[in-house]
Protein chains: 2
Amino acid sequence: MGSQLQSSGEEDLLTLLHGAGIGMESICGGMGVCGKCRIHILEGKTTEPTLQEDDHLSEDQLDRGERMACQTYPEGDLSIYIPASSLTSSQRLQLDCELEVKEFEPAVRAYDLEVAIPASPGDLDSDLLRVLDALRETAPAAEVQRVDLAGLRGLPAILREEEGGVRSVTRRGELLGLLSVQRKPLGLAVDLGSTKVALFIYDLSDGSMLASRGFLNPQLPHGEDIITRIQYAMEGNASRLMQLVVQGINENLSEMLEESGSTYGDIFEMVLVGNTAMHHLFLGLPVAQLGRSPYLPATDLPLEVKARDLGLELNPAAVVYLPPPIAGYVGSDHLAAVTASRLWERPGPCLLLDIGTNTEVALQLEGRIRSCSCASGPAFEGGGLSQGMRAGEGAIEAVCIDPVSGEPQLSVIGDAAPAGICGSGILSLLAALVGAGIVDASGRMQESYPGVERRGGELVYYLAPPGDDASVGVAVTQNDIREIQKAKGAIRAGVDALLAQEGISHTDIKEILLAGAFGTYIDPAAALSISLLPPVALDRINQVGNAAGAGARSMLLSTAVRQEAEGVASRLEYLELSAYPGLSTLFAAGMYLSEEAVNTAKRRFKL
Amino acid sequence: MGSQLQSSGEEDLLTLLHGAGIGMESICGGMGVCGKCRIHILEGKTTEPTLQEDDHLSEDQLDRGERMACQTYPEGDLSIYIPASSLTSSQRLQLDCELEVKEFEPAVRAYDLEVAIPASPGDLDSDLLRVLDALRETAPAAEVQRVDLAGLRGLPAILREEEGGVRSVTRRGELLGLLSVQRKPLGLAVDLGSTKVALFIYDLSDGSMLASRGFLNPQLPHGEDIITRIQYAMEGNASRLMQLVVQGINENLSEMLEESGSTYGDIFEMVLVGNTAMHHLFLGLPVAQLGRSPYLPATDLPLEVKARDLGLELNPAAVVYLPPPIAGYVGSDHLAAVTASRLWERPGPCLLLDIGTNTEVALQLEGRIRSCSCASGPAFEGGGLSQGMRAGEGAIEAVCIDPVSGEPQLSVIGDAAPAGICGSGILSLLAALVGAGIVDASGRMQESYPGVERRGGELVYYLAPPGDDASVGVAVTQNDIREIQKAKGAIRAGVDALLAQEGISHTDIKEILLAGAFGTYIDPAAALSISLLPPVALDRINQVGNAAGAGARSMLLSTAVRQEAEGVASRLEYLELSAYPGLSTLFAAGMYLSEEAVNTAKRRFKL
């Protein structure tokens, strides 16, 4: 990369790199547990390897200069190399969604007014009163009764600058402010994921999208999973986490606005969806009670908050609408996905899955919706795997094993040298391994198979051999397979619990919707072949993209959709899996890698 | 005083003294115009006297070391003396009012709740939902639908600390937060005058007053009158002026709370009244349009604002209610005074006057109320007079002239040596001078009268002779008399314009209410004898104290009173005197110092 950094020697390299804006992988938040922040020391002296590094790195690796950045402190000038697998910055982010917004009925409305500016001492109405009178005449239905203080502050100046010809911006009976008639009120939809944040700017005068952008959640250095972040927040860092996200939104938004020739003052409303922990941290709500049973949210009601109360750089009068979270581990992003897919209107029974560290599953039956959250863990995002990585350059995203030669064939993002395996690659890999007989239905790797080796007591299968250039190659280990099995077992258990709760069988299922980035990029056939999903015809699986983002966008553009979503939230039944009696057996069965084995296990456990 | 200050020599003495928290008189805001910030240099070197000082100080005075602090820069160590007449800090502030609050119906309500804290994974309602359910059961009429974000942030912790036994605080359908049952919600009423600020803390659970306090408006160093402050605000200092008042309220409130064993977190609502410029500056509203014809307020509607949006240190969820201003120069303090006196219910025609730099007058006739604002200027507060001062120690507050000896007899605040004349003293003095024949009905001083002298070409009358100790004594000059005549003429013109507008005569008047500090301390007989007020029987004049403060207090304690006040505001007719055709002649007539002379002048002008 060729960048130069200054160090006082008091910070570990991970902190130093993060501080310089370099997006380093770190699932555990720098505690030396995840082993994701690997770097290569090319030159110079550092502190000795720690016990944590001994756990994650072989003697060979350490000898070659491989280290964990969070465990290493510089002792003088250093030259380091950061492998692509340790970098987050080039990650592929998925923004689009097939689903379309139907109605355009924004909460924010613009009305052009002609307000008389009095010059005679006889006409004594206040500026505000004259604006409200003009509004009542132009748009009696708006029933504007209140004014935002920030909007009121700007009112006298713009009225006089524009000689009374102004565009009023109102929202649910409140006058938010006045604009010159050249400017249009804009809106911002935000899908705040633990990993990714997606922003969408809309013109609220005609419903057209002006810009969209995805970026990594700036909280990532403080833990990739929700539990780590909740712990970090509880150690007195809650406001820091809030600040990071707000700052990230402000900065990205500011660049987007500049590109589209607008200013922050044009944005009058924002709709934000996210999982419940993200929602709470964003609002500065306490998360302690989210982190322990029964995992209660502080609120599961919709909220409207002034953007200025959160430090957001929008128009100072802007309002943030937050659709309701459903439960501690089923957030408003799930509600948004349900809403965007209009799940209640689809021919049921149908399933909606958003696969991630937590996988939310909704089952719709006769218009009723029941949802649960599966603790699938980070395996599908590359976490916990020896060479897992996010979907960035160098990530293996699909694997075939040649049935004749038995050689693996890889599809790598960016056509780069393989650096690791990302979520969709993991699923594809496992399906290929099972298909080729390298791994059996119980998940055991077959030592006899060519390409399977024993490395330090553990079976591994090489996808890319170690190179002459000291690269370690890419391999999948027996332990990696177990991690993926646990993740897929958790998801399958959630699906099966929902089906059992409703007393229906997988043969009844009319449709499975796969939402989110992972759901978009995986191969549904692979998901079926390893029994991640219950057996349905392949054409019943639909990949719907970022449905949560689409839901946020449609709620920004339509108050009717908001009402619908709030209605769904109040009707939606939540199934708390940790209280579900048969969960552990469903989980054990769900770990098997073929439908036959899953069924055998279920029969054995008398399910 | 014996205080020591450090100076870099780059600040004038006024700035230096203000910076040290010494309340110096300064009407003009340090521009060298008002001549109020006089000090005596006892020892040490300073810059030479400026042209402004030459205008205000005689050669003798300059020789004795008298200077204007705003014009003087230290050139080394100085020893200075600040005469009482230049100090604001010991001023008498008037807080109480005879009027009583009738209804107790606060907007803020406290309800004690028993909220179940779930421990089982089966009970999954959010914290907020359980609180709202308990509220609906306990107080269905409260119809609480919304929650303040700050209140929500604190909710999970206090619910668990108090094991569900909490006191909820609600306001107009919004849950503001939870308290432990030991704490009571408090309210704050504020009368924000240009000169004085009065604070009143109330227990909103029973309507009892816990504490009250008055302090000088910290904006005073930036101009005593409203116009100077508006100019200062327009020079880019608006947020500074806002900050000064907010800080003053925060600091005084904090001391009051400590004394009464409460904390800022207990205060959930504030009601603030003030003249329109104070109201606008407090809210950060622009004041440019207030400073030029037709003197329009940005708003004349009631407002509700979150205290946090203003930087007030109350409970973060607290709301500030601001009753509507009436016009650019008739503020919500006038409305509060009208409301507190229930002017519309009194036998009419009746008048309400709050005398100050601007004097607001209301005339009630058959339940209808018409108000105007008279530009009476600062003379009644001591401004523009050679030896005027505020009502503090050493101020002459009443004068008699012995009919036999012709000697003046003085009543001095604090029984101190006379240092100047305050508002009530000025009126008393003028009545005495006219009564004794020293001044005739046209305001001319009679040179032949013993005690009248010619000083530098101008006639003066000594109330206290210059002393041997280099004190200048206290005298009233011909020019002082003219200043008082202008002030009283402006007020009388306003009263007469209102009477003429309604086509009634002073003989119809059933009652005159005198509100505010000046109205409390003046002698009504003196006010009648110099024709400040139209001739009515003395027993028809009632001095009602700080009616604006009483109005703010009653609005804090009763939403019914707020509604009444808002109704009055919308019905109240405002008479803009600057557009009143006969004003200049009414003013000319009103300057005469006997009723006969006033009437003669009116006849001459054919009024």
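Analyst: Let us begin with a pair of helices. In chain B, residues B:Asp127, B:Leu128, B:Arg130 and B:Val131 of α4(B) meet B:Leu152, B:Leu155, B:Pro156, B:Leu159 and B:Arg160 of α5(B); contact means heavy atoms within 4.5 Å. These residues divide into six nonpolar, no polar and three charged. Nonpolar covers Ala, Val, Leu, Ile, Met, Phe, Trp, Tyr, Cys and Pro, charged covers Asp, Glu, Lys and Arg, and the others, Gly among them, are polar. Helices (H or I, at least four residues) and strands (E, at least two) are DSSP runs, numbered from the N terminus.

This is a predicted model, in which local features need pLDDT of at least 70 and side-chain atom pairs count only at pLDDT 80 or more, while totals for chains, interfaces and linings use all residues. Residues are numbered from 1 along each chain as its sequence is written, chains are lettered from A and ligands numbered from 1 in the order in which they are written, and side-chain values use heavy atoms, without hydrogens and water.

User: At what angle do the axes of α4 and α5 of chain B cross?

Analyst: An axis is a line fitted to C-alpha atoms, for helices over the stretch in contact, and angles run from 0 to 180 degrees between N-to-C directions. Here the axes come within 10 Å and cross at roughly 80°. The two helices are therefore roughly perpendicular, a term for angles of 65 to 115 degrees.

User: How is the area buried between chain A and chain B to be read?

Analyst: The size of an interface is often given as the accessible area lost when the parts come together. Buried area uses a 1.4 Å probe and is summed over both parts. Between chain A and chain B about 3400 Å² is buried, 66% of it from carbon and sulfur atoms. In chain A, A:Leu124, A:Arg153 and A:Leu296 lose the most area to chain B, together 17% of what that side buries.

User: How many salt bridges are counted between chain A and chain B?

Analyst: A salt bridge is a side-chain nitrogen of Lys or Arg within 4 Å of a carboxyl oxygen of Asp or Glu. The count between these chains is two. A salt bridge joins B:Asp309 and A:Arg308, at 2.8 Å from N to O.

User: Which peptide bond in chain A is cis?

Analyst: Most peptide bonds are trans. The bond from A:Ser293 to A:Pro294 is cis, with omega near 5°. A:Pro294 is placed in the loop between α7 (276-283) and β12 of chain A.

Methods. Parallel < 35°, antiparallel > 145°, perpendicular 65-115°, else oblique. Buried area = accessible area lost by both parts, 1.4 Å probe.
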